[in-house]
Structures are given as structure tokens and as C-alpha cells.
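I want to look at the aromatic rings and write down what turns up.

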Amino acid sequence: RLHVVTWNVGTASPPPDVTALLHLDSPGPAMDMYVIGLQEVNSGVINFLSDLAFDDPWSIFFMSVLSPLGYMKLSSIRMQGLLLLVFVKHVHLPFIRDIHTHYIRTGLYGYWGNKGGVTVRLSLYGHTICFMNCHLPAHMENTEQRLDDFEKILEMQFAGENIPSTLDHDVLFWFGDLNFRIADYGIHFVRESINNKRYSLLWEKDQLNMAKKKEAFLQDFTEGPLQFKPTYKFDLYSDVYDTSEKKRKPAWTDRILWRVKNLCQQASKEGEFSEEEQTISVTLNNYISHMSYGISDHKPVTGTFALELKPLLSEPLVTLSPDGEWSAERDVLISYSALPEFPSSAWDWIGLFKVAFRDMNDYVTYAWVEDDEVSSSQDSKQVYMSAAEIPDPGGEFLLCYYSNNLQSIVGISQPFQIQPNRTLLGENPTQEENSWMQKQDNLESHNEF
């Protein structure tokens, strides 16, 4: 279950609540992945420079909402006002690899990043998926410029070996403030059609729908029906269309489209793929706007998708777990094993994370898998972690193995408890605990020889 958000936030700060936006109160199973594309994030010079050094307020906000629910920020990319965030449930982390980001400027002939595209690509259970958040040129008359810019964005290449081009990914999601307008009809006809919920009258004059009929590079993209009010342009904190002197004509500027490579290949051949050959499919379950959010002149749009994948990866490259019962009073051991094909590195590390960790930099402490190794066999290895680095209050934690070669988490443990350091908390260990610690001392002394 994949939830895509696009929202032009108009330099505003995050709202107090995004429960509806993220469908957090929806019945049924939780989302597996959130992909959030924002445009016009506050990009003043001071803000932008500080955001380069630290997470921006929107990233911090979404991490604070999603990390307690078991999601980690997998990747993000920022280009001035454009921001793309990808969050994923912990259980999927070992099966996500080859994460790369890219951006391309199109504003001011490519010299300014107020318009353009930011992209995150990855391999999910062996399938290549690309997410592209775009902000295209504004105004009614700039349709051709929008199309030219998007074609340029599609041509960008990721740095690195064996990474497919944008259109060669199994699935490509394209979303953002695409700025396409409703042509020909006057503002009164458009508003009257909206008031009467006769949206279908406007679809045929939507510039993106018209372009899809003519432009070959757009014809493979699919979009759900526009059964919601145009999302631009509103007075702030209201559901009233623009009452300023400009009185902008309403338009569906904020869109989510997708493209499945297998279906494109299928359509180009006379014969059809059999069901067994179709290893990935995308189904749109929900495509709506959210009228209750009024911090900008755009309303956010979300698309909820079901991705059905035939897993090409079924085992994590690394399996790891805490060795025995952990206590903040003592040094501890981590056991792990790796598949034969895993390309290990001296720069690999295992991090100790609180269960509600936000991203890869949110570790409590870590151990180098080679420098801190204490034992090795054909089946498994053990790594040492010092008690001095473990939080005295203890609590619920998990372990993640980070691969330097693959630049991703390739193994994650089940959550486990660390017992607190009762000596520092003013508690004395029981006789049984003293006995257990003595046994551990004897075991470690034996291992040293």
C-alpha cells in the first residue's frame, strides 16, 4: 500500500494535524510506504542555507508524525522549494536497495531551482521504482514550456553504474504542481461547472488531458479520474476560489500520474503477456483532494495505490539479532549471518536504534562489523558493543545492519528490550542477576583465551 502526496505549500509552515492527509485514521491495513512531494517550501536564502545543514521544518514534522508509527525516512531530496520525502515501514527495509536521488533545474534556463524536478529511485523487492516530484512553469500560455521542461526532466540520468534511465524503471510515479490549466472556457463557466459538480465538462479542456492525446511521451502515463474540485487557486484558510483582483481561473494544477513499463511493452506488441509474466501491477484505490487544508492557495492531492509485486528478492542479505538478554549494565554481543552473495565492506556498521527512529542518522550508537568483531564461524559472526554506549534507562530498541557498498540497510532485527542500569538508577541487582553476571564474566574470560 503506497500513499502519494503532492502539495504546493506556498512557503507556509506545517499545519497542526495531517491525520486526514496521510489517511492515518482510515480503516484497513496501514500504508507500507509514504511518498510526499512538496512545492514552494520556504526557500529564502537564510532558510535554504540552514536547511542544507539541518533537516527542514517539513521533514522534521513528517518524521515526528510517522516515526512513532513504525516508519523510517528512507530518502529525501531538496532543491530550493521542491522537497521529496520517502518513508517506509521497517519490515521492508532489507528489501530496498540501490537508492539514488537526482534533481534538475528548469527555472531561468536551468540556472535557478524554483522550477524543475526532484527524483528518488530505488529497487523494491527487486523491482525498479522511480518517484518524480515536479514544479512546472505557471500561467495559461506556457503549456509548451511545461511540456518541454517535463521532457527535459525525463531525460535526466542518475549517477552510478547499471542504473536505468527514468523511463526504463518498472514503475514511474510523476506528481507535483504541474501547473496545467483549463483552456478556452471563461472563469464564470468554469466556476459554474464546479459549483454544479459537472467536472466532466472541464476535462476535455484540461491542458494535460489534451497534451496526452498528442504527445507520444505522455501517452503511457495513467491518471485517475478528476472527480474532485480543481485544487487551485483558493483564498487562504478557505474553500473559496480566488477573490483577489487577479481572480485566477480554477485549475487542476496538482496531479499524480504513473507509468508501468510492462504495460507499455505489452501495448507495443501484438501478443499479450501472460499473467505469469506480469510481475508488477499498480492499482489506484483512491485519488482525492483535501479541502480542509488552507495554509496555501493550493489544496493537497493524494493517491493511494496497491502495488502487487512478484518478489525477486525473498531473503534479507543479512540476518541479525541481540545475543542473549541485553542490559545497560554490561557489554553486549550482536550475532549476524550474511548470504554468500552479500558484498560486505570494512565500512559496514551495525546501529542500535530506538524503535521509533526517524532516519539512518538517528542511531543511539553503532559498532563496526570488522573492527568490533569478536568471533567468526562459517555460519555466523559476533560483534561487540560497549555498555558505555548503551542508554542507562534501557527500553525498546532494534538493530540495523548498514551496507556501505549498497548504501542501504540490508538487515534489521526484531524489536527487543534492554534492561536499565539499576546501579545508576539507585537499585541493587538481585542474587539471581549477580549470578547471571558472574556467568557472563566467566564466559567472556573463557572466550578471551
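Does tyrosine 401 count as buried or exposed? I looked it up: tyrosine 401 is buried, at 1% relative accessibility. Buried means under 20% relative accessible area and exposed over 50%, with a 1.4 Å probe and protein chains only.

I note that this is a predicted model, where local features need pLDDT of at least 70, side-chain atom pairs need 80 or more, and totals for chains, interfaces and linings use all residues. Numbering starts from 1 along each chain as its sequence is written, and side-chain values use heavy atoms, without hydrogens or water.

Next I checked the whole chain. Buried residues make up 49% of its 449 residues.

Then I turned to the rings. I found 29 aromatic pairs in the structure. Rings of Phe, Tyr and Trp (its six-membered ring) pair if their centres lie within 6.5 Å; planes under 30 degrees apart are stacked, over 60 edge-to-face, the rest tilted. Tryptophan 7 and tyrosine 293 pair edge-to-face, with 5.4 Å between centres and 65° between planes. This pair ties together parts 286 residues apart in sequence, because tryptophan 7 lies in strand S1 and tyrosine 293 in the loop between strands S11 and S12. Strands here are DSSP runs (E, at least two residues), numbered from the N terminus. Tryptophan 7 is buried at 0%, and tyrosine 293 is buried at 7%.

Back to tyrosine 401. Its ring and that of tyrosine 336 have centres 5.4 Å apart and planes at 55°, so the pair is tilted. Tyrosine 336 is in strand S15 and tyrosine 401 in strand S20, so parts 65 residues apart in sequence are tied together.

Methods. Helix = DSSP H or I, 4+ residues; strand = E, 2+ residues; numbered from the N terminus.
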